[in-house]
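Q: Could you walk me through the pockets and the domain arrangement of this model?

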Amino acid sequence: MSKKIRAAITGVGGYVPDYILTNKELETMVETNDEWIVSRTGIKERRILKGEHQGVSVMGIAAVKDMLRKTGTDPKEIDLLIFSTITADMTFPATANIVATAIGAVNAFSYDLGAACSGFIYGLATGTSFIESGKYKKVVIIGGDKMSAILDYTDRTTCIIFGDGAGCVLLEPTTEDVGVMDSILRSDGSGECYLHMKAGGSRMPASRETVEKRLHYVYQEGSAVFKFAVTNMADVAAQVAERNNLKAKDIQWLVPHQANKRIIDATASRVGVNEAQVMMNIQRYGNTTDGTIPLLLWDYEKQLKKGDNLIIAAFGGGFTWGALYVKWAYDSK
Ligand code: UT7
């Protein structure tokens, strides 16, 4: 009997812009302070993509080029490129199309995927299915957002949280016992009222009025979202571990979406792992929405060893949430 084809992560790339927006600078923009931001969220600074007409594609292209360079991959061999984002360059065409052409993936098809902060894990699960079908050999999943494009820098409840950045992974088939082993994905549209952007879509197209009413920015009822996030992200992470018979001692790394350090801590304690096993970079990048998880893999890649068990978990607007069990496929050089 032929062995099951699994999707292995065989490379990671990332990019964060140079400009650092510190809590101190935010203190000059809105009524806030470093102590409140650090104690309520864990964030010290975040990156901002500056410059005219710089869309999220700029960061996606840089992240994929980084991955191609590190893995020595010929872009012509890429079959599929998925860009998970809620801040596409334009409503259409897909930003994935722009990135694929810019990096020379001339034989790939490409599309965007929208699931807010869970977008990257949805993308990873989707790409996994394409690989497992046996038809596709190289699939790139990008997660990234230019959150600064949709933030109201007069609203202290949202502008302190988010930042800009993008990361990506390369998926390839393997018959070894590594790769994406399992996933649980969920969504609940009744969460719409707590986290959304009111205007700019087909329900409320852009008009003078929508701009004057500041409706093109992230709207979030933070404490309501917090309550959903803290239970659902922890539950789903624990579920995917349990149904794969993984006890805390078997898990090398928890890879949690970086929305709030308190949510990360709650998820870690539910899964039973200690702080040293939890990937965290929220202090440096804030919440980059679709970018958080690939940027964690990018930052921690050198510490990962073949066979390490990773539990990846996310929660975001929609609501959307989910968790994946990934067995790491390579030792980093
Ligand atoms: O990634 C996608 C999913 N998103 C999330 O998971 C975000 C989940 N939510 C959160 O992380 C937290 O709810 C926030 C960080 C957004 C807010 O923290 P919180 O502890 O829930 O604060 P709160 O909204 O309950 O506000 C507490 C107080 C309020 O003042 P009063 O009414 O108690 O006087 C706010 O006005 O803190 C005030 N406040 C601030 N104070 C200083 C809100 N924002 C700020 C601020 N600086 N930036």
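**Pockets and domains**

Q: Which element gives the most to the lining of the largest pocket?
A: β9 gives the most, with 3 residues, strands being DSSP runs of E of at least two residues and helices runs of H or I of at least four, numbered from the N terminus. This is a predicted model, in which local features need pLDDT of at least 70 and side-chain atom pairs count only at pLDDT 80 or more, while totals for chains, interfaces and linings use all residues. Residues are numbered from 1 along each chain as its sequence is written, and side-chain values use heavy atoms, with hydrogens and water left out.

Q: How much space lies in the largest pocket?
A: About 1000 Å³ lies in the largest pocket, where a pocket is an open set of points on a 1 Å grid over the protein atoms alone, fitting a 1.4 Å probe, with protein on both sides within 12 Å along at least five of seven lines, and lining residues have an atom within 4 Å of a point. Of its 33 lining residues, I86, I150, H196, M197 and A199 are the closest to the centre.

Q: What is the lining of the largest pocket by class?
A: The lining has 16 nonpolar, 12 polar and 5 charged residues, with Asp, Glu, Lys and Arg counted as charged, Ala, Val, Leu, Ile, Met, Phe, Trp, Tyr, Cys and Pro as nonpolar, and the others, Gly among them, as polar.

Q: And what volume has the second largest pocket?
A: The second largest pocket has a volume of about 590 Å³, and T157, I161, Q220, G222 and N260 lie nearest its centre among 29 lining residues. Helix α8 gives the most to that lining, with 6 residues.

Q: Switching to domains, how far apart are the C-alpha centres of domain 1 and domain 2?
A: The C-alpha centres of domain 1 and domain 2 lie 14 Å apart, the assignment being domain 1 (6-177) and domain 2 (181-327), with bounds from an automatic or database domain assignment. In contact terms (heavy atoms within 4.5 Å), 51 residues of domain 1 meet 45 residues of domain 2.

Q: What area do domain 1 and domain 2 bury between them?
A: They bury about 3800 Å², 61% of it on carbon and sulfur atoms, buried area being the accessible area (1.4 Å probe) that two parts lose on being put together, summed over both. In domain 1, C117, I121 and Y122 lose the most area to domain 2, together 17% of what that side buries.

Conventions. Points joined across faces, edges and corners; volume = space filled by probe spheres on them.
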